[in-house]
Amino acid sequence: KAAALLRLVAVAIALVLACAGARAEPCLAVQSGLRCAQCHVNQTGGGLRTPFGNLYAQTQLAANRWPDAAAGWSGQLGSLFALGANVRAAGTRTDVAGSRQTESFDLREARVYLSFTPIADRLSFYLDHYLRPGSAQNREAFVRYSAADGSHYVKAGRLYLPFGWRLQDNSAFVRSQSAIDMTGPDRGVEVGWDGGPLSLQLAVSNGTFGESEVDSGKQYALQAAYVQPDWRVGAAANVNDQAIGDRAAWALFGGLRTGPVAWLAEVDWIEDRSSSPTPSGKLRSLAWLLEGNWRLAQGHNLKASMEGLDPNRDVAGDRQTRFSTVYEYTPIPFLQLRVGARRFDGPSRLALQNRRVVFFELHGFF
């Protein structure tokens, strides 16, 4: 296990010398040139928003501001507590070749966030609790101790592991294929350094995903990021050392701002020895993402993306692609409407991988 960790560190450092990135609400981070920790309590992005993040949502993200009497929500409940929430509901129509068209209305997500900071800028306790759909689950629960200037920190508990862009769409190929997203936390320790444009995170955890209680090994995650106002690049590596076989994933990702358009890109390479059907003893897969976000005007964003997935590099004819177009409108603070269409193309023998999806989503957050 020590040798595996040393190899992981060596590979990641080599990648960092060539490039380095950051995460948060990715397109907003690239569009604004901000770091994840400026808008989110969690240094690696996502979840509870900081007072600055809530101010940004009111003054920069929304098309219209609230009247002064209603403005000013910062998420803070006194000097010790902070509260936030996320709710997504959607209507979806799906067309599958040779099948009947289906329509559904769903609650996609409801979760709450809470932090308790007994020592300002130093010691905090954080909770991310998923409520619906399905059964309620604790997603993140950790204690964190930081340097006074925020340059470095350590946190322990249930964590989202650092790996690539933290996209809100967990069905994106780079998230579903890597199996590292905001639905599968792990229990462990993370240390991070965030001084200047370069940041580093190293996490060591149980090597289990989601709610599994089986501890069959250890998981090591290392990520490096280099952030500039107009661009950012990054590298990440993950080794899941399990009794049934190791699983390793590597990612290169970056963002670029060109006028009103923010670009995101990521390429993931995965080698899985835990369930390999190939003679080589490992299942090799590749996933990639290219996304553009055009800020038409304040409160209006047009998102277009292309994705690719090769689930088994040793087998021809299994490649999949996905094309998405999504219009996002934020009329007032903390409320967003999303209308989108997706086209899936894959092997002709698998009808579900050749479908068309149209959806409408209402997203409330604070």
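Predicted model: local features only at pLDDT ≥ 70, side-chain atom pairs only at ≥ 80, totals over all residues.

User: What makes Tyr56 and Leu61 in helix 4 count as buried?

Analyst: Buried means under 20% relative accessible area. In helix 4 (residues 51-61), Tyr56 and Leu61 are buried, as are Gly53, Asn54, Ala57, Gln58 and Thr59, so each of them falls under that 20% limit.

User: What covers the buried residues of helix 4?

Analyst: The cover includes helix 2 (26-32), helix 3 (36-39), strand 15 (320-332) and strand 17 (355-365).

User: Strand 17 interests me. What does strand 17 give to the largest pocket?

Analyst: Strand 17 supplies 5 residues, the largest share of the lining. Strand 2 (81-96), strand 3 (102-119), helix 5 (173-176) and strand 16 (335-345) each supply at least two residues as well. The volume of this pocket is about 750 Å³, and Arg88, Gln168, Asp169, Asn170 and Ser171 are the closest to its centre of the 34 lining residues.

User: How do you know which classes make up the lining of the largest pocket?

Analyst: Asp, Glu, Lys and Arg count as charged, and Gly is among the polar ones. Sorted by class, the lining has 14 charged, 11 polar and 9 nonpolar residues.

User: And what lies in the second largest pocket?

Analyst: About 610 Å³ of space. Its lining has 26 residues, of which Val41, Thr117, Asp121, Arg122 and Arg144 are the closest to the centre. Strand 2, strand 3, strand 4 (123-132) and strand 5 (137-146) each give two or more residues to this lining. By class, the lining of the second largest pocket holds 10 nonpolar, 10 polar and 6 charged residues.

Note on methods. Residues numbered from 1 in each chain as written. Heavy atoms only, no water. Buried < 20%, exposed > 50% of the residue type's maximum accessible area, 1.4 Å probe, protein only. Helix = DSSP H or I, 4+ residues; strand = E, 2+ residues; numbered from the N terminus. Contact = heavy atoms within 4.5 Å. 1 Å grid on protein atoms, 1.4 Å probe; cavity = no way out; pocket = protein on both sides within 12 Å on 5 of 7 lines; lining within 4 Å. Points joined across faces, edges and corners; volume = space filled by probe spheres on them.
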